[in-house]
Amino acid sequence: MNTRGLRSQLKDSVPVTGLCPQAGPYGVQDSLRRGFSSVKNELLPSHPLELSEKNFQLNQDKMNFNTLRNIQGLHAPLKLQMEYRAARQIQRLPFLPSSNLALDTLRGSDDTIGFEDFLNDPVQSEMMGDPHIMTEYKLGIL
């Protein structure tokens, strides 16, 4: 095994800031809000394609913006990026799941059925909690 390649892959892909980067105000991890953490998952990607899959939508958007810029000029990707940014800001309250229908429509993925449509996106797992506390946490009051 080439350790030089592994070291450079770790340095370039996964930032390691400390053993407990999600520590709360008392130095203890907030498991109720952030869930349980695994040091193994924070250090190494579990599969070589994992990083590529995490950044797939970002890479796809960059490629589409570059193509759009070459065909229509600089104004077209800038306008589309402003529309994406506006569509990302539309959200429900933190304790309600948001479908991001406007963003899906802009990307053209509103008529496709993917993994997240019938098995739910793992990032947006269900959270039970007091709506007031969750809203205050989202706004940075708590």
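D61, F65, L68, R69 and Q72 of helix α5 meet H75, A76, P77, L80, Q81 and Y84 of helix α6. Contact here means heavy atoms within 4.5 Å. Helices (H or I, at least four residues) are DSSP runs, numbered from the N terminus, as are strands (E, at least two). The residues of this contact comprise six nonpolar, three polar and two charged. Ala, Val, Leu, Ile, Met, Phe, Trp, Tyr, Cys and Pro count as nonpolar, Asp, Glu, Lys and Arg as charged, and the others, Gly among them, as polar.

The model is predicted: local features need pLDDT of at least 70, side-chain atom pairs count only at pLDDT 80 or more, and totals for chains, interfaces and linings use all residues. Numbering starts from 1 along each chain as its sequence is written, and side-chain values use heavy atoms, without hydrogens or water.

Helix α5 spans residues 56–72 and helix α6 residues 75–89. Their axes lie 7 Å apart, at an angle of about 140°. The pair is therefore oblique. Angles under 35 degrees count as roughly parallel, over 145 as roughly antiparallel, 65 to 115 as roughly perpendicular and the rest as oblique. Axes are lines fitted to C-alpha atoms, for helices over the stretch in contact, and angles run from 0 to 180 degrees between N-to-C directions.

A76 sits in α6. A76 has 9% relative accessibility and so counts as buried (under 20% relative accessible area, 1.4 Å probe, protein chains only).

The protein has nine helices and zero strands. Buried residues account for 8% of its 142 residues.

Key:
Buried means under 20% relative accessible area, exposed over 50%, partly exposed in between (1.4 Å probe, protein chains only).
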